[in-house]
Amino acid sequence: MALIRWNPARESSNLPSELWNIERDFNRLFEGFFRGGMQDDGSFGLSVWSPAVDIAEKENEYVVKAELPGVNKEDVKITLESNILTIRGEKRQEKDVKEDDYRRMERMYGSFQRSFTLPTTVKSDSIDASYKDGILTVTMPKAEEAKPKHIEVKVK
Amino acid sequence: MTKNNNSALIRRDNNSLARRIDPTEKRVTPAADVFETPEAFVLRVDMPGVDRDSIRVTADSARLEISGKAGTLHADTANVLFTEIVKKSYYRVFNLTSGLAADRVEAEFENGVLIVVIPKSEQRKTKTIPIR
């Protein structure tokens with residue numbers, strides 16, 4: 001049986017989004033080919049698979065969310081180094097199952113790493129991370145000088 | 001004042017229309033691992049970020065259907081800088097072979113993984129035959 005890369009886009013019947021997906025999947029293909037390759041901060045990461053990540057900015061904080069289904073909290077490491085946030089870890093295969101007993105293996109396992117350069121400085125000592133239903137949420141309050149300041153302009 | 005009220009009404013209407021159709025929601029086939037034990041088939045399906053209440057697992061003698069909706073990730077007030085996680089609707093059908101007890105299927109959702117256990121009927125169970 002030939003091994004083909006699992007492609008969720010194949011299932012969707014929506015034509016415009018499928019074209020957009022092709023570009024995204026192309027990027028993912030190259031990502032996996034170079035085994036992690038260049039991260040956003042310019043460093044090379046060693047990873048087998050890449051979790052999908054969203055970054056949102058609120059007025060006083062950044063919120064980073066990563067899709068990490070079936071990962072133990074102990075296997076996730078979050079580090080912040082001069083404005084570069086790195087989320088790395090390992091998704092382990094369940095030990096209770098023998099390899100012979102698998103009939104189908106589609107889920108990705110192994111080490112992962114994503115790094116992001118944040119636009120402004122954050123308070124490194126008040127970073128909060130939580131994991132629920134397979135989503136890791138990292139909340140980083142902005143440093144005082146990075147918060148938006150409301151300047152009142154008086155019209156003469 | 002009246003002008004502001006009108007635009008707010010229009011905005012609200014547009015939002016409700018979008019919510020009903022929601023072209024941003026994408027149907028995705030979740031990745032699944034399947035393994036066999038002497039008593040059952042076990043499925044582990046990656047469905048991160050799914051609302052527990054939206055998960056539906058239905059089974060009959062021929063097929064097992066799994067679905068779930070991954071809800072909104074960000075607050076409305078947040079400015080999304082970078083996005084890879086699309087709002088999606090997970091859906092997958094597994095065809096079941098004979099000798100599986102669809103009425104005794106069990107499912108649990110943990111850490112974003114849906115674990116479904118499909119027990120085998122008595123005849124299908126693996127029996128170790130002792131050698132006299």
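**View 1. An open sheet of five strands has the order 7(A)-8(A)-2(A)-1(A)-6(B), with antiparallel pairing.** The edge strands, each pairing on one side only, are strand 7 (128–132) of chain A and strand 6 (79–83) of chain B. From one strand to the next, the twist averages 15° (axes are lines fitted to C-alpha atoms, and angles run from 0 to 180 degrees between N-to-C directions). Strands are DSSP runs of E of at least two residues, numbered from the N terminus, and two of them pair if DSSP finds at least two bridges between them. The model is predicted: local features need pLDDT of at least 70, side-chain atom pairs count only at pLDDT 80 or more, and totals for chains, interfaces and linings use all residues. Residues are numbered from 1 along each chain as its sequence is written, and chains are lettered from A in the order in which they are written.

**View 2. Strand 1 of chain A meets strand 6 of chain B.** Four bridges join these antiparallel strands. A:Ala56 has B:Val80 as its bridge partner in strand 6 of chain B.

**View 3. Strand 5 of chain A meets strand 2 of chain B.** Three bridges link strand 5 of chain A to strand 2 (residues 32–36) of chain B, and the two run antiparallel. Within strand 2 of chain B, B:Val34 is the bridge partner of A:Arg104.

**View 4. The contact takes 29 residues from chain A and 31 residues from chain B.** Residues are in contact if their C-beta atoms, placed from the backbone, lie within 7 Å. On the side of chain A that touches chain B, two or more residues each come from strand 1 (53–57), strand 2 (61–67) and strand 5 (102–105) of chain A. Strand 1 of chain A gives the largest share, five residues.

Technical notes. Contact = placed C-beta atoms within 7 Å.
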